[in-house]
Amino acid sequence: MNHPQYDYAIIGAGAAGLQLTLKMIQDDFFSEKRILILDKDDKVANDRTWCFWEKGETIWDQLATHTWSFGQFINQEKTIDFELTPYRYKMVRSANFYAYAKAIIAKAENVDWVKDSVGHIEEQSIIGTKNSYSANHVFDSRIPESFLEKQTKYHSLIQHFKGWFIQSESTCFNPDSFVMMDYRLKWKDSTSFTYVLPISETEALVEFTLFNNHLLPDDEYDEYLKKYIDQHLQLKTFQIKEVEQGQIPMSDYPFYKHHSKNITKIGTAGGWVRPSSGYSFKNADRYSSMMIENIKSGNRPEKGIATSRFRGYDSIFLNVLSKRNDLGEDIFTRLYTKPNIQSVFRFLDEESNISEDLRVMFSLNRPQFWKAFLSTFWR
Ligand SMILES: Cc1cc2nc3c(=O)[nH]c(=O)nc-3n(C[C@H](O)[C@H](O)[C@H](O)COP(=O)(O)OP(=O)(O)OC[C@H]3O[C@@H](n4cnc5c(N)ncnc54)[C@H](O)[C@@H]3O)c2cc1C
């Protein structure tokens with residue numbers, strides 16, 4: 001069996017692996033390097049809809065299905081409208097991103113894409129089911145098995161959801177504004193809400209989402225979606241065009257412990273999901289750029305990534321929500337509405353300074369937070 005040799009191997013052609021590969025292709029530093037990308041799947045499916053906020057026009061505008069400059073946050077008592085400027089909220093469907101990335105990778109002579117399932121890595125040797133490969137450095141997006149085992153030491157919740165892309169007969173959506181969270185319909189007294197992304201006056205993605213560790217039987221998500229569409233969108237006739245379902249880990253598990261001399265974990269497996277929100281697509285953009293600069297400067301690729309003080313704040317969120325899941329509506333109402341949405345985006349993008357962080361933390365003013373704050377930072 002031949003044993004192809006590479007400078008870099010990227011395991012997983014997902015959000016993280018592909019964004020890293022594209023940034024390597026765009027940078028002359030890597031033009032003489034041999035790069036291997038390995039994935040067990042073909043990567044053609046619309047298996048996820050990535051949404052995120054960012055300022056200005058970027059490459060993502062070309063791929064976006066829709067963007068919004070206005071949003072709403074709805075709880076049992078009121079609807080809060082917000083304007084996102086200078087940010088916009090953007091929706092990128094995975095099939096568009098995979099097709100875009102594949103077209104660029106196909107033209108890059110120094111990159112090979114191989115469909116293979118990786119079993120394990122022995123430092124520089126990658127053992128796949130079809131072949132073995134050798135690389136000086138491996139970027140690995142497989143989730144560590146120890147994370148999947150039951151963890152009691154860390155605070156972990158699952159963001160689990162099911163969504164329907166629906167089409168109505170009559171016009172009923174405002175495509176200029178999306179609903180970040182609507183808490184009027186909840187599963188028991190938990191952190192659960194509906195997320196509504198209108199892409200035209202007659203089409204929207206409606207998603208019922210929970211942040212807890214209690215997965216529901218499939219038909220229960222459907223019941224909640226039906227109820228929301230009937231009671232809150234007041235839509236009697238509609239068609240379900242597509243279904244999206246998923247789980248995102250929200251955890252303060254120390255993913256960084258799985259980096260080793262020749263292996264850097266990336267994506268969800270590298271702790272790139274922001275534990276308090278479940279967002280990670282934009283982190284993949286930001287962190288892949290940081291990795292490229294680290295490599296060029298001779299540093300460890302993961303230097304400074306996903307290890308900042310923000311992880312401490314997230315641990316507080318998870319600590320509180322694990323113990324008091326009923327507080328989610330109140331916590332997220334305070335988070336997304338005080339002092340304003342722009343400060344929250346800066347905080348979630350890890351761009352805020354300590355005084356801005358404290359303002360966000362003070363806005364959550366709840367005894368459970370202060371207790372968790374003290375146990376996180378003074379343990
Ligand atoms: C349905 C859904 C919707 C989401 N929506 C958003 C959103 O709106 N905004 C946001 O910021 N985040 C969102 N997320 C969270 C996060 O952005 C995504 O999960 C993102 O795809 C994570 O990127 P990744 O590269 O770590 O993993 P993935 O994109 O899942 O890629 C991992 C890749 O590794 C491959 N792989 C796994 N094991 C092996 C193996 N043994 N051998 C070879 N290949 C292997 C897989 O086939 C896959 O292609 C969503 C997640 C889901 C599931």
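Predicted model: local features only at pLDDT ≥ 70, side-chain atom pairs only at ≥ 80, totals over all residues.
I'll start with the domains. The assignment for the protein chain gives three segments for domain 1, namely 5–45, 92–150 and 252–296. Domain 2 runs over 156–249, and domain 3 over 310–377. Between domain 1 and domain 2, the C-alpha centres are 31 Å apart. The contact between these two involves 4 residues of domain 1 and 4 residues of domain 2. On the domain 1 side of that contact, 2 residues are nonpolar, 2 are polar and none is charged.

Next, helix α5, residues 218–231. With 14 residues at 1.5 Å a residue, α5 should span 20 Å; the C-alpha atoms at its ends are 21 Å apart, which agrees. Which residues of α5 are buried? They are Tyr221, Leu225, Tyr228 and Ile229. Those four cover an arc of only 95 degrees around the axis, so they sit on the same side of α5. The cover over the buried residues of α5 includes the strands β12 (156–168), β14 (192–198), β15 (203–212) and β16. On the face of α5 turned away from the buried side we find Asp219, Asp230 and Gln231, which are exposed.

Now for the backbone details. A cis peptide bond joins Thr85 and Pro86, with omega about 10 degrees. Pro86 is in the loop between β6 (79–83) and β7 (87–93).

There are also two non-glycine residues with positive phi to go through. Lys43 has a phi of about 60 degrees, and it lies in the loop between β2 and β3. Is Lys43 buried or exposed? Lys43 counts as buried, because it has 22 C-beta neighbours inside 10 Å. Glu350 likewise has a positive phi of about 60 degrees without being a glycine. Glu350 is located in the loop between α9 (341–348) and α10 (354–363). Glu350 has 16 other C-beta atoms within 10 Å, so it is partly exposed.

Last, Lys33. This residue is in the loop between α1 and β2. With 16 other C-beta atoms within 10 Å, Lys33 is partly exposed. Which residues is Lys33 in contact with, leaving aside neighbours within four places in sequence? The contacts are Asp7, Tyr8 and Asn110. For the pair Lys33 and Tyr8, the separation is 25 residues in sequence and 7.6 Å in space, C-alpha to C-alpha.

Technical notes
Residues numbered from 1 in each chain as written. Domains from an automatic or database assignment. Contact = placed C-beta atoms within 7 Å. Nonpolar A, V, L, I, M, F, W, Y, C, P; charged D, E, K, R; others polar. Expected span 1.5 Å × (residues − 1). Buried ≥ 20, exposed ≤ 12 C-beta atoms within 10 Å, placed from the backbone. Arc of directions from axis to C-beta.
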